[in-house]
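Please look over the structure shown here. A short briefing on its fold and its ligand shell comes after it.

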Amino acid sequence: MSAKSMNITLHVWRQKDGKSEGRFVSYDAKDISPEMSFLEMLDVVNERLTAKGEDPIAFDHDCREGICGMCGMMINGVPHGPRKATTACQLHMRSFKDGDQITIEPWRASTFPVLKDLIVSRDAFDTIISAGGFISVSTGSAPDGNAIPIRKEDADMAMDAAACIGCGACVAACPNASAMLFTSAKVSHLGLLPQGQPERDERVLKMVAAMDEAGFGSCTNHGECEAACPKEISVDNIARMNREYLRATLAAGRRAVRTGDSSAG
Ligand code: SF4
Ligand code: FES
């Protein structure tokens with residue numbers, strides 16, 4: 001072992017597939033550089049497992065730059081691990097000490113079923129996005145962005161909401177497995193901009209309906225989602241979505257009264 005390297009013990013959730021029972025298996029991760037990312041450390045452990053003919057630990061990842069949202073996992077009981085505003089792929093082993101024991105689990109939420117080991121299905125997020133996470137656009141050349149004036153405050157809030165990478169840490173951290181932070185980020189991101197106005201009411205109604213239908217729990221203001229979010233999405237977005245939802249519901253009700261449609265709203 002070089003002077004700087006570390007010996008770590010991992011306790012990893014192993015589960016063959018969604019139908020099999022899972023269990024923790026312990027592995028020695030020896031001679032690990034503190035400069036390695038957490039996923040590089042898992043790569044090293046997997047290379048050693050593969051060399052011994054054992055099944056490597058399945059984990060999801062893509063960009064390894066904190067932008068795709070694929071790498072979510074519970075590290076010592078905390079979504080994405082101990083560093084604030086940091087995805088698992090951007091976490092480095094220098095955040096741990098030589099001799100540490102690290103427990104690694106998949107997201108725990110019935111709406112995110114385990115596919116294998118640390119990999120869960122986040123298809124439920126896709127159903128929410130496809131319910132309203134889009135704007136209607138005219139085809140043709142792109143309009144000049146600066147031709148549409150947007151209040152600086154709105155642009156900043158929309159940009160902050162757009163930082164959501166859909167990782168699911170908010171759901172995993174919430175005692176109710178609520179997806180309110182994720183859904184509200186998507187509602188705010190488009191609803192605050194002029195381009196998002198045509199579908200504004202329909203968007204919030206449909207995305208909230210899709211969220212409920214997928215089986216996510218309700219928000220009871222624990223705030224664990226904001227604390228766990230690697231992109232520091234604010235719970236202010238949840239308050240905004242609740243206001244948007246009420247406004248859209250009332251507007252649909254008024255339209256129903258005008259048109260005599262008793263099924264609307
Ligand atoms: S709100 Fe934050 S924690 Fe939730 S999916 Fe988006 S980036 Fe991940
Ligand atoms: S692998 Fe893309 S955010 Fe971690």
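The points below cover the chain as a whole, the sheet and the ligand surroundings.

This is a predicted model, in which local features need pLDDT of at least 70, side-chain atom pairs count only at pLDDT 80 or more, and totals for chains, interfaces and linings use all residues. Residues are numbered from 1 along each chain as its sequence is written, chains are lettered from A and ligands numbered from 1 in the order in which they are written, and side-chain values use heavy atoms, without hydrogens and water.

**Whole chain**
- The protein chain has 8 helices and 7 strands, taken as DSSP runs (helices H or I, at least four residues; strands E, at least two) numbered from the N terminus.
- Its C-alpha trace spans about 75 × 45 × 35 Å along the principal axes.
- Of its 265 residues, 45% count as buried, that is, under 20% relative accessible area with a 1.4 Å probe, protein chains only.

**Sheet**
- Five strands form an open sheet with mixed pairing, in the order E2-E1-E5-E3-E4; two strands pair if DSSP finds at least two bridges between them.
- Strand E2 (23-32) and strand E4 (78-79) are the edge strands, each pairing on one side only.
- Strands E1 (residues 6-14) and E5 (residues 101-105) run parallel and are joined by 4 bridges.
- Threonine 9 has glutamine 101 in E5 as its bridge partner.

**Ligand 1**
- Around ligand 1 there are 13 residues, of which Cys164, Cys167, Gly168, Cys170 and Cys229 come nearest; a residue is near if one of its heavy atoms lies within 4 Å.
- Helix H4 (169-173) and helix H5 (180-191) are the elements that give two or more residues to this shell.

Technical notes
Buried < 20%, exposed > 50% of the residue type's maximum accessible area, 1.4 Å probe, protein only.
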